[in-house]
Every structure is written in structure tokens, then in C-alpha cells.
Amino acid sequence: MVCALALTAAAMGQAVAEETWEKTSETFMEKVGKSGRVVVDNPHGNIWVRFGGYEDQVEIIASQQRLEPDLPKLVVRRDRRGEDLEIRVAEEKAQGEAI
């Protein structure tokens with residue numbers, strides 16, 4: 001008979017490192033023109049875009065992940081360029097503006 005035993009760091013008396021990463025999500029509705037595009041730039045997590053219930057609306061869920069707690073906060077910027085919608089997740093500057 002073979003018996004397997006798995007020991008965690010806590011069971012072995014070692015200190016377990018506290019998780020320091022933070023994940024946040026924001027959900028919002030936006031309008032996009034009939035010939036408009038949705039342009040996404042998020043190197044810090046995921047963005048989901050789906051039909052928002054009306055012809056010109058999209059629902060957007062932006063998820064940001066920050067592994068290092070000492071780095072600047074992440075913010076979601078939404079900018080209109082004609083009928084297009086640009087969504088960007090970036091680090092926040094000291095004044096609250098995205099870099």
C-alpha cells in the first residue's frame with residue numbers, strides 16, 4: 001500500500017506569506033456609434049465587453065490586478081474619439097490622472 005502525505009508550510013511550522021496582490025473590477029455602460037469601434041488597452045488584467053441591451057450600448061467590465069502593493073493605483077480611462085470608444089487601464093498619477 002502506498003500512502004501520500006502532503007504538508008503545507010503552516011503545518012511544518014513555517015510562516016505563510018500574506019497575499020499582497022489586489023484585484024478590483026468596475027462595471028459601466030457606454031454608448032458607441034453605429035459604425036464605432038471599441039478599442040481596449042489593459043496590460044493589467046481583463047476587459048469584457050458585451051451587448052448592453054440597446055443597439056448603441058455596450059456593457060464593459062474592467063478587471064485590474066496589481067501584484068505589488070507599493071506601485072501606483074490603477075484607473076480605467078474611457079475616451080471618445082468620434083463614434084469610437086477607447087478604454088485604457090493605466091497607472092494613476094499623483095493628481096488622479098492616468099499616465
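Reader: What makes the Glu30 and Arg78 pair a polar contact in this predicted model?

Author: The side chains of Glu30 and Arg78 come to 3.4 Å. The cut-off for a pair of N or O atoms is 3.5 Å. The value falls within that limit, so the pair counts as a polar contact.

Reader: Is Glu30 buried or exposed, and how do you know?

Author: Glu30 has 15% relative accessibility. Buried means under 20%. Glu30 therefore counts as buried.

Reader: Where does Glu30 sit, and which residues does it touch?

Author: Glu30 is in strand E1, residues 22-31. Beyond four places in sequence, Glu30 touches Asp56, Gln57, Val58, Ile60, Arg78, Arg80 and Leu85. Contact here takes heavy atoms within 4.5 Å.

Reader: Why is Ser63 called buried?

Author: The relative accessible area of Ser63 is 1%. The limit is under 20%, so Ser63 is buried. Ser63 lies in strand E4. Leaving aside neighbours within four places, its contacts include Lys23, Thr24, Ser25 and Trp48. Asn42, His44, Gly45 and Asn46 are also among them.

Reader: Why does Gln64 count as buried?

Author: Gln64 has 3% relative accessibility. That is under 20%, so Gln64 counts as buried. Gln64 lies in E4, which spans residues 57-66.

Reader: How many residues separate Gln64 and Ser25 in sequence, and what is the spacing in space?

Author: Gln64 and Ser25 are 39 residues apart in sequence. Their C-alpha atoms are 6.3 Å apart.

Reader: What makes the residues of the largest nonpolar core a core?

Author: Two conditions apply: the residues are buried and of nonpolar type, and side-chain atoms within 4.5 Å join them. Eleven residues form the largest such set. They are Phe28, Val32, Ile47, Val58, Ile60, Ala62, Leu74, Val76, Leu85, Ile87 and Val89. E4, strand E5 (74-81) and strand E6 (84-91) each give two or more residues to this core. In soluble globular proteins, nonpolar side chains tend to be buried together.

Reader: Which residues does Val89 contact?

Author: Neighbours within four places are left aside. Val89 contacts Asp41, Asn42, Pro43, His44, Ile47, Gln64, Leu74, Val75 and Val76.

Reader: How do you know that E5 and E6 pair?

Author: Pairing needs at least two bridges. E5 and E6 have eight, so they pair, in the antiparallel sense. Leu74 stands opposite Glu91 in E6. Val76 stands opposite Val89 in E6.

Reader: What is the strand order in the open sheet, and which strands are the edges?

Author: Three strands form the open sheet, in the order E2-E6-E5, with mixed pairing. The edges are strand E2 (38-41) and E5. They are called edge strands because each pairs on one side only. From one strand to the next, the twist averages 15°.

Reader: How many helices and strands does the chain have?

Author: The chain has zero helices and six strands. Along the sequence the pattern is β-β-β-β-β-β.

Reader: What share of the contacts joins residues 24 or more positions apart?

Author: Such pairs account for 51% of the contacts with a separation of 6 or more.

Terms used: Residues numbered from 1 in each chain as written. Predicted model: local features only at pLDDT ≥ 70, side-chain atom pairs only at ≥ 80, totals over all residues. Heavy atoms only, no water. Helix = DSSP H or I, 4+ residues; strand = E, 2+ residues; numbered from the N terminus. Buried < 20%, exposed > 50% of the residue type's maximum accessible area, 1.4 Å probe, protein only. Polar contact = N/O pair within 3.5 Å; in protein donor to acceptor, adjacent residues only side chain to side chain. Axes fitted to C-alpha atoms, helices over the stretch in contact; angles between N-to-C directions.
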